[in-house]
Amino acid sequence: MPLHYYLIFSALLFAVGLAGALTRRNAILVLVGIELMLNAANLNFIAFWRYSPDPNAIQGILFVIFSIAIAAAEAAVGLALIISIYRHYKTTNLEKMDSLKG
Amino acid sequence: MQAAFAIIAALTLVSAIAAMSLRNLVHCALCLAVAFAGLAAMYLQLDAQFVGFAQVLVYIGAVAILVVFAILLTRSGQPVPHSVVSRSWIAGVAIAVLVFCVLTRVILSSSVSQRSLPAKPSPTVREIGNQLMTWYVLPLQVIGLLLTAATIGAVIIAMNERKSAGGDHRVTADQGHGHGHLAAPTGLNEGNATSIASETGSESPAHYPQPEREREVLAK
């Protein structure tokens, strides 16, 4: 199976995540869209690693492992920020969060 | 091989689209978990077993559950009366479609993408561990530091208004204003703080005084 199947699937997943992150009103779903985009990038890493001339080099796998760790940290901090903002504004609607102070 | 790829790809895409478009946020979180599972299956199909199981553990086990917790804590589980997409949703979808078209064009015109599958690699977990402990030991430590900082930061961000919510309450009680809705988040904060603190082990309440002081100064 050629490599571009995986790459196009990954591009589709990225586009779905991007569309969600750009259009949804709820801050949590925007974060979910960003997670989907990160996952699409990880899939690209793995696909390129698998189809590389020397698959016994494991840099691709290690890159994805580090990327997963960073994405997990990002999700934790992002959701904590959303909870903190919710406490302030009593909403997670992004269109109502329109001031930086107070 | 082809059939397995088609099934997994269709499942992942449908659940990703559902996660991005359903009205009920809890359903969105469940569809997100299905999409992550599909991606894990895709990793397994690409002979990256370790990454596949890391995906199951981290994304399905932690991130999806964290999203569910956030949805329940912010009480956005019930459907909203107004539209769930923003006013400029046409522009957002157009940008996403444009990005997809550009990516597809580049992928299809590249010579790399026609590469066929090389022989099956054999990266064992032992090899990955060896590499992590020798050549990649510095990035590993940096990641450890980052995760520690992110965990402590998440706990502090999510609970720094716990005392100050009480402080606000006290101030309003002193001034005689009735901010009855401030009482509700206090219990919410406690539940959240304990749930996160139980994840990270013991968290000392030493972080409280500073934000509270800042809050009171700001309040004045």
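Two salt bridges are found across the interface of chain A and chain B, a salt bridge being a side-chain nitrogen of Lys or Arg within 4 Å of a carboxyl oxygen of Asp or Glu. The model is predicted: local features need pLDDT of at least 70, side-chain atom pairs count only at pLDDT 80 or more, and totals for chains, interfaces and linings use all residues. Residues are numbered from 1 along each chain as its sequence is written, chains are lettered from A and ligands numbered from 1 in the order in which they are written, and side-chain values use heavy atoms, with hydrogens and water left out.

B:D47 forms a salt bridge with A:R50. The closest N and O atoms of this pair are 2.9 Å apart. Polar contacts across the interface of chain A and chain B number 10 residue pairs, both residues at pLDDT 80 or more. A polar contact is a pair of N or O atoms within 3.5 Å; within protein, one must be able to donate a hydrogen and the other to accept it, and residues adjacent in sequence count only if both atoms are side-chain atoms. On the side of chain A that touches chain B, α1, α2 and α3 of chain A each supply at least two residues. α3(A) gives the most, with 23 residues. Helices are DSSP runs (H or I, at least four residues), numbered from the N terminus.

Chain A brings 72 residues to the contact and chain B 89 residues, where contact means heavy atoms within 4.5 Å. About 7,300 Å² is buried between the two chains. Carbon and sulfur atoms give 76% of that area. Buried area is the accessible area (1.4 Å probe) that two parts lose on being put together, summed over both. A:R24, A:R50 and A:R87 supply 11% of the area that chain A buries against chain B, more than any other three residues.

The largest nonpolar core has 63 residues. Such a core is a set of buried Ala, Val, Leu, Ile, Met, Phe, Trp, Tyr and Cys residues joined through side-chain atoms within 4.5 Å. Among the residues with the most contacts inside it are A:Y6 and B:V67. Beyond four places in sequence, A:Y6 touches residues of both chains, including A:L43, A:Y51, B:F5 and B:M42.

B:V67 is found in helix α3 of chain B. B:V67 counts as buried because its relative accessibility is 6%, the cut-off being under 20% (1.4 Å probe, protein chains only).

Technical notes
Buried means under 20% relative accessible area, exposed over 50%, partly exposed in between (1.4 Å probe, protein chains only).
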